[in-house]
Amino acid sequence: MTATRDSDSGSYRIVPSQVDGKTMPIHFRNQLEEDVRFPSQDFNLTLLRQHFQHLRQDTIPLHWHQELQAVWVHSGTLEFTVNEDAFPLSGDTLLIINRGQLHRSRTISGDAAAICVNFEPDFFHQKVLHDYILPLLENEAFSYHLLALSPEKTARLQRILAASDHTIPYFSVINLLSDSLEETLYALRGSGKAADFEERKLFHRLLAYVEENYQHQITVADLANHALINKNRCTALFQKYTQTSPMRYVAKHRLFLAKNLIIGTDLSISAISEAVGYNQISYFVEQFRRSYRLSPLKYRKRFGNRNET
């Protein structure tokens, strides 16, 4: 996956994801919300085929969306983070993510491939939706759920995977989602774990500030003042939800954006350095090399589809 800035909309897009036989860019709105696109205008379900190259350090950055998501990593292993939890995901487990949850993924030690279903549950009958599905989605214990795959479910996923790239096997996908949501519903009944929605909302504000101001100097005090909290609380929130400090997160975010501008545009390295908030190109090059093990120009030569002119 690589993300690039869409110059018209100001959003980010991750490519390539194969949807219905076509490459359908994934757009990120401001405040890290994914603008999910569906191949059919009257059916809110899409299946994405995603391929990660470990050497290129492919990743899907921290984001959220209004739709539910089911993820199966059918080749290799990905590290997933959902809110404050990080865990490996491979072929023996299906991940179900509820609406509005912060999540990201990256390779661990090698290439990986996954199929990802983004969907609204409106394909259920209204009574099923009202009596079962909506209470599940509103359950404070349900941010995500990991389902151990039975041989039958694995075989169904393999059939979905084997379907033509030019069609989504909707009937098979809907049956899989129905079974998986039913298992999730029964697994979470009586669970005492509750999500802290106010805390997550607060952290969303911090991420939004980074997204809107990464081109400028940012300090921990700036972040804390924006969220009306003290610096210690700010640092604790970043550590909890990103496993790193606020300033390290800002630096990684800038370098991630730079990496994808290097791959996906013809902009000069100096222009990219300035665009992502670095005042000195020499410092930018040093930090990029430290993070991605290659200089920006060598990274472009190795992984980009354009050449420096």
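Colleague: Is Lys240 buried, partly exposed or exposed?
Modeller: This is a predicted model. The relative accessibility of Lys240 is 33%. Buried means under 20% and exposed means over 50%. The value falls in between, so Lys240 counts as partly exposed.

Colleague: Which residue forms a salt bridge with Lys240, and where do the two lie?
Modeller: The closest N and O atoms of the pair are 2.7 Å apart. Lys240 is in helix α6, and its partner is in helix α4. The pair links distant parts of the chain, 41 residues apart. The partner is Glu199.

Colleague: Which residues do salt bridges with shared partners join into one network?
Modeller: Lys240 forms a salt bridge with Glu199. Arg233 and Glu199 also meet in a salt bridge. Shared partners join the residues into one network: Glu199, Arg233 and Lys240.

Colleague: Where do Asp131 and Lys127 lie?
Modeller: Their side chains meet in a salt bridge of 2.8 Å, N to O. The two are 4 residues apart, about one turn of the helix. Both lie in helix α1, residues 126-137.

Colleague: Which is exposed and which is partly exposed, Asp131 or Lys127?
Modeller: Asp131 has a relative accessible area of 36%, so it is partly exposed. Lys127 has a relative accessible area of 55%. Exposed means over 50%. The exposed residue is therefore Lys127.

Colleague: At what angle do helix α2 and helix α3 pack?
Modeller: Helix α2 covers residues 151-162, and helix α3 covers residues 170-188. Their axes are 10 Å apart. α2 passes α3 in a left-handed crossing. The angle is about 145 degrees.

Colleague: How do the residues of the contact of α2 with α3 divide?
Modeller: On the α2 side, Lys153, Arg156, Leu157 and Ile160 take part. They meet residues of α3, including Val173, Leu176, Asp179 and Glu183. The contact divides into 4 nonpolar, 3 polar and 4 charged.

Colleague: Which strands stand at the edges of the open sheet of 4 strands?
Modeller: The order is β8-β13-β10-β11, with antiparallel pairing. Each edge strand has a single partner, so one side is left without a neighbour in the sheet. The twist averages 20 degrees from one strand to the next. The edge strands are β8 (59-63) and β11 (85-89).

Colleague: What is the bridge partner of Thr59 in β13?
Modeller: Strand β13 covers residues 103-107. It runs antiparallel to β8, and 3 bridges join them. The partner of Thr59 is Arg106.

Colleague: Is Phe256 buried or exposed?
Modeller: Phe256 is found in helix α7, residues 246-264. Phe256 and Pro61 are 195 residues apart in sequence, yet 8.5 Å apart in space, C-alpha to C-alpha. The relative accessible area of Phe256 is 8%, so the residue is buried.

Definitions and conventions:
Residues numbered from 1 in each chain as written. Predicted model: local features only at pLDDT ≥ 70, side-chain atom pairs only at ≥ 80, totals over all residues. Heavy atoms only, no water. Buried < 20%, exposed > 50% of the residue type's maximum accessible area, 1.4 Å probe, protein only. Pairing = 2+ DSSP bridges. Axes fitted to C-alpha atoms, helices over the stretch in contact; angles between N-to-C directions. Left-handed = near helix turned anticlockwise from the far one by under 90°. Contact = heavy atoms within 4.5 Å. Nonpolar A, V, L, I, M, F, W, Y, C, P; charged D, E, K, R; others polar. Salt bridge = Lys/Arg side-chain N within 4 Å of Asp/Glu carboxyl O.
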